[in-house]
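User: I'm new to this one and would like to learn how to read it. Could you walk me through it, feature by feature?

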Amino acid sequence: MPKSLSIALLGQKFMGRAHSNAWSQVPRFFEDVRLRPVLHTVCGRDERELRAFAKRWGWGRTTTDWRTIAADEEVDLVDVGTPNDLHAEQSIAMLEAGKHVACEKPLAGTLADARAMRDAARRAKRSRTFVWFNYRRCPAVALAHRLVRQGKLGRIRHVRATYLQSWGGPEVPLLWRFRKKHAGSGAHGDLNAHIVDMARFVTGDEITEVNGAVAKTFVTERTVPGTRKKGRSDVDDCVLFLATFKGGAVASFEASRLAPGHQNRNTLELNGEKGSLRFDFEEMNLLRYLDATASAATQGWTRIMCTQAEHHPYARHWWPDAHVIGYEHGFTNMAADICRALSGRRPEVPLPDFADAYETQRVLEAALIAAKERCAVKLREVK
Ligand SMILES: NC(=O)c1ccc[n+]([C@@H]2O[C@H](COP(=O)([O-])OP(=O)(O)OC[C@H]3O[C@@H](n4cnc5c(N)ncnc54)[C@H](O)[C@@H]3O)[C@@H](O)[C@H]2O)c1
């Protein structure tokens, strides 16, 4: 009988659904995982909605007061899926109560909160921390990480990352995502957080300087939900920045919620001295690879379908070879890796913890400073 991991989930909407599904699927698809997730308690703000949610997803208990979870000795891991401004208070309280914490990205809305979380994780010697940078666990991205480690690209010269969406027009109400006090930033913390993490993960390298940045808010007023009143949207709709890696590669990052034609286009392209790799989440099962050492007569992009059980990360846990997977699988792959890590086994590819996500947050902060001050910012100046 496998040991169990009792989970409490904070937040029951978008990520609440994604995470509930992920924890539930682990024992069904990951036979080698020895820790069995138990959906112990779910916490949200609306008691009625919460009860219906718990019934649908199989959570044992509900609460509208997240603090009670810290005192519950039955809970092993707290999964934080609330708005960004709550991550620090909730995660730190749970770490101080001896729980493991898996927190959504960005680590926090502000660098100060992120630092406090990193420090709390350092103090909590018996707890492990994880951050839901789920795109690392798309098989194609995990494969890119492996190919770079194997030296397939040689020295990397260019990193080109975009995360473009189009849902953020003026018709969208003033959700928490458009308010700085809740979100910290807009497209930047939401989307650039993912591609900065992916770029660091796939290259295995660190950004040492943000060379310049621009941030823009196009839609400054939105309707306050449930009213006819207008309120100010005080976060960016897009942030673009240039950066340099320690190994010498130069990089561009662009995040927008106002890019019609792009729905959830999370792309990463690397160009190295021996070849190139390209990923686009809108075709998430594919990784494109170009071998620049091949004869010019036949050289060209190879379209790799990352569904071969024997060769591609995570593929053996899902369907027979050649059957594609989707958005939710990245979360399940991550939940399985968290269970592996907590039972003393290695995750399929490295898991980001609070210290790792803090490094991503420093890059985001450097970009915001660069945009505001119209200057380059060295990462060693952002602590
Ligand atoms: N990994 C990803 O790709 C990804 C995708 C979307 C969102 N996120 C992150 O997940 C987090 C949540 O985003 P979302 O899209 O699920 O938001 P959401 O608005 O859909 O849900 C937020 C949830 O938090 C709950 N909540 C708010 N205040 C609370 C409180 N005080 N106590 C308990 N619950 C409270 C709400 O009731 C709601 O259930 C954010 O940090 C966001 O950046 C990550």
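**Reading the sheets, domains and helices**

Analyst: Let's start with a sheet: an open one of 6 strands, in the order 3-2-1-4-5-6, with parallel pairing. The edge strands are strand 3 (61-63) and strand 6, and each pairs on one side only. Neighbouring strands here are turned by 25° against each other on average, direction ignored. Strands are DSSP runs of E with at least two residues, helices are runs of H or I with at least four, and both are numbered from the N terminus. Two strands pair if DSSP finds at least two bridges between them.

User: Before we go on, what kind of model is this?

Analyst: This is a predicted model, in which local features need pLDDT of at least 70 and side-chain atom pairs count only at pLDDT 80 or more, while totals for chains, interfaces and linings use all residues. Residues are numbered from 1 along each chain as its sequence is written.

User: How many bridges link strand 5 and strand 6?

Analyst: Strand 5 (residues 100-103) pairs with strand 6 over 3 bridges, in the parallel sense. Cys103 stands opposite Val131 in strand 6. Helix 4 (residues 87-96) packs on this sheet, touching strand 1 (3-10), strand 4 (77-80) and strand 5. The direction of helix 4 makes about 160° with that of strand 5. Contact means C-beta atoms, placed from the backbone, within 7 Å; angles run from 0 to 180 degrees between N-to-C directions, with axes fitted as lines to C-alpha atoms, for helices over the stretch in contact.

User: What is the strand order in the open sheet of 9 strands?

Analyst: That order is 16-15-14-13-7-12-11-8-17, and the pairing is mixed. Strand 16 (301-305) and strand 17 (377-378) are at the edges with a single partner strand each, so one side of each has no neighbour in the sheet. Helix 6 (residues 139-149) packs on the sheet and touches strand 14 (275-280) and strand 15 (286-291), its direction making about 165° with that of strand 14. Within the sheet, strand 8 (residues 207-216) and strand 11 (residues 238-245) run antiparallel, joined by 8 bridges. Ile207 stands opposite Phe245 in strand 11.

User: How is the protein chain divided into domains?

Analyst: Domain bounds come from an automatic or database domain assignment. Here they give domain 1 (3-134) and domain 2 (137-323 + 354-373). The centres of the two, taken over C-alpha atoms, are 25 Å apart. The contact takes 21 residues from domain 1 and 20 residues from domain 2. On the domain 1 side, helix 5 (111-123) and strand 6 (129-131) each supply at least two residues, and helix 5 gives the most, with 6 residues.

User: How do I read two packed helices?

Analyst: Two packed helices are described by the angle between their axes and the distance between the axes. For helix 1 and helix 9 (residues 327-342), the angle is about 65° and the axes are 8 Å apart. Among the residues that meet are Trp23 and Phe29 in helix 1, and Phe331 and Met334 in helix 9.

User: Which residues are closest to the ligand?

Analyst: The closest are Gly11, Lys13, Phe14, Met15 and Glu104, and 21 residues surround the ligand. Near here means a C-beta atom, placed from the backbone, within 6 Å of the molecule. Helix 1 (residues 14-29) brings the largest share of this shell, 3 residues.

Technical notes
Two residues are in contact if their C-beta atoms, placed from the backbone, lie within 7 Å.
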